[in-house]
Amino acid sequence: MTVTLADVAARARVSPATVSRVLNGNYPVAASTRERVLRAVDDLDYVLNGPASSLAAATSDLVGILVNDIADPFFGIMAGAAQTQIGGPGDGSGRAGGEKLAVICNTGGSPERELTYLTLLQRQRAAAVVLTGGAVENPEHQAAMAAKLAKLADAGTRIVFCGRPPLPEGDALVAALAFDNRGGGRRLTEHLLSLGHRRIGYVAGPRERTTTRHRLEGHREALHAAGLGALPAEGDTGGTGAGSGDLGADADPLVVHGPYDRRSGYEATLELLRRAPDVTALVAANDTVALGACAAVRDQGMRIPQDISVAGFDDLPFSVDAVPALTTVRLPLFEAGARAGRLAMGKENPPPGGIATIAAELMIRGSTAAPRG
């Protein structure tokens with residue numbers, strides 16, 4: 001049932017005129033009253049409607065792109081590529097009429113902010129929404145996401161996932177472009193095993209993220225196939241360590257969880273070297289984390305790869321310029337982002353079943369070599 005302005009007024013215990021003043025911002029309203037109205041709007045998922053709202057007239061030209069951190073090249077590359085397909089005119093003539101306004105929504109990795117941005121985009125009647133990067137594996141958040149995306153889809157918004165798997169429930173998506181993180185993680189560890197490494201430390205990402213779980217599962221599959229470890233139970237990243245903001249121990253002493261940033265890579269590597277000084281190789285959650293790992297290794301007086309090999313993931317632009325160049329797993333971030341943009345604009349047909357798995361390619365460079373001795 002459609003929520004009306006009168007419904008919001010009743011929930012907030014104010015007049016419809018007061019709700020209109022708060023939403024239009026054209027008349028002073030007491031802060032406490034404004035807060036009540038906005039809370040009621042959120043609770044009821046009220047969407048501005050009708051020609052009286054100048055906002056509603058322009059929203060068909062709006063596309064939201066949600067990223068965890070626009071300063072992270074992983075997200076910046078995908079968002080920029082999507083924008084090349086969203087912001088340009090559809091007929092390639094340079095004339096106005098086919099272009100959309102792409103708005104980058106930086107969530108900071110917060111599940112709550114992700115939902116807030118989706119609510120705001122719903123109110124703006126966004127033509128499409130592109131959600132990038134791994135998803136949070138929390139049943140309550142997933143249920144809230146499925147409900148929110150269903151409302152967006154019902155209103156005509158095209159929804160595309162880029163770099164994340166589809167939700168366990170819900171069919172609101174136009175398409176989900178999922179990276180083969182598990183396969184990439186497996187091939188990377190298989191490379192290290194083929195060189196002779198048997199004690200491999202792993203600097204993992206936040207444990208509640210799909211990307212973290214899939215890459216770590218691939219790593220463990222390779223170890224298990226080599227007779228070096230047991231596979232965890234499905235959905236288990238092991239242990240009861242800290243959350244995404246802290247370094248967390250894993251059930252496996254050779255795994256430490258932390259954020260996807262350089263500082264985490266540095267601190268986790270020091271912890272791994274303290275815990276297992278006999279490790280001969282380190283796998284990092286991504287290339288940024290790998291840079292921190294390399295710095296920690298050097299600060300401990302060790303050389304890469306003579307004393308210890310280091311590998312990353314994503315093949316971000318700086319990985320080839322590291323010294324030595326970083327062995328990593330290439331994800332076609334630009335190509336995936338551009339495809340997501342075309343799907344969001346209806347320029348490309350969705351893949352069969354709405355889901356496409358994008359292959360990951362192993363890039364072998366100078367940061368990995370056979371262990372000494």
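Me: Ok, starting with a definition: a residue is buried if its relative accessible area is under 20%. So by that cut-off, is Phe 75 buried or exposed?

Reply: Phe 75 comes out at 7% relative accessible area, so it's buried. Keep in mind that this is a predicted model.

Me: And what about Phe 74, buried or exposed?

Reply: Phe 74 has a relative accessible area of 9%, so that residue is buried as well.

Me: How do the rings of Phe 74 and Phe 75 sit against each other?

Reply: They make an edge-to-face aromatic pair, with 5.0 Å from centre to centre and 80 degrees between the planes. Phe 74 also pairs with Phe 179: those ring centres are 6.4 Å apart and the planes are at 70 degrees, so that pair is edge-to-face too.

Me: Where in the fold are Phe 74 and Phe 179?

Reply: Phe 74 is in helix α5 (residues 73–86) and Phe 179 is in strand β5 (residues 175–179), so their pair ties together parts that are 105 residues apart in sequence. Both Phe 74 and Phe 179 are buried.

Me: Which residues end up in the ring cluster, then?

Reply: Phe 74, Phe 75 and Phe 179, linked by ring pairs. The count of aromatic pairs is 2.

Me: Switching to charges. Which ring does Arg 164 lie over?

Reply: The ring of Phe 161. Arg 164 lies over its face, 5.2 Å from the ring centre.

Me: Now helices. How do α6 and α7 cross?

Reply: The axes of α6 (residues 111–123) and α7 (residues 139–154) come within 10 Å and cross at roughly 10 degrees. Angles under 35 degrees count as roughly parallel, so α6 and α7 are roughly parallel to each other.

Me: Which residues meet there?

Reply: On the α6 side they include Leu 115, Leu 118 and Gln 122, and on the α7 side they include Ala 144, Lys 148 and Leu 152. By class, that contact has 8 nonpolar, 3 polar and 3 charged residues.

Me: Another arginine: where's Arg 186, and what does it touch?

Reply: Arg 186 is in helix α8 (residues 181–195). Leaving aside neighbours within four places in sequence, Arg 186 is in contact with Gly 218, His 219, Glu 221 and Ala 222. With a relative accessible area of 27%, Arg 186 is partly exposed.

Me: Let's do loops. Where is Ser 319, and is it buried or exposed?

Reply: Ser 319 is in the loop between β10 (309–311) and β11 (328–330). Its relative accessible area is 0%, so Ser 319 is buried. Not counting residues up to four places away in sequence, Ser 319 touches Asp 287, Ala 325, Leu 326, Thr 328 and Arg 365.

Me: And Ala 276, which loop is that in?

Reply: The one between α10 (262–275) and β9 (281–284). Ala 276 is buried, at 2% relative accessible area. Not counting residues up to four places away in sequence, Ala 276 touches Arg 199 and Leu 254.

Me: Zooming out, how many helices and strands are there?

Reply: The protein chain has 12 helices and 13 strands. Of its 373 residues, 47% count as buried.

Me: What share of the contacts join residues at least 24 apart?

Reply: 69%, among contacts between residues at least 6 apart in sequence.

Methods
Residues numbered from 1 in each chain as written. Predicted model: local features only at pLDDT ≥ 70, side-chain atom pairs only at ≥ 80, totals over all residues. Heavy atoms only, no water. Axes fitted to C-alpha atoms, helices over the stretch in contact; angles between N-to-C directions. Helix = DSSP H or I, 4+ residues; strand = E, 2+ residues; numbered from the N terminus. Parallel < 35°, antiparallel > 145°, perpendicular 65-115°, else oblique. Contact = heavy atoms within 4.5 Å. Nonpolar A, V, L, I, M, F, W, Y, C, P; charged D, E, K, R; others polar. Phe/Tyr/Trp six-rings, centres within 6.5 Å; stacked < 30°, edge-to-face > 60°. Buried < 20%, exposed > 50% of the residue type's maximum accessible area, 1.4 Å probe, protein only. Lys NZ or Arg CZ within 6 Å of the ring centre and 35° of its normal.
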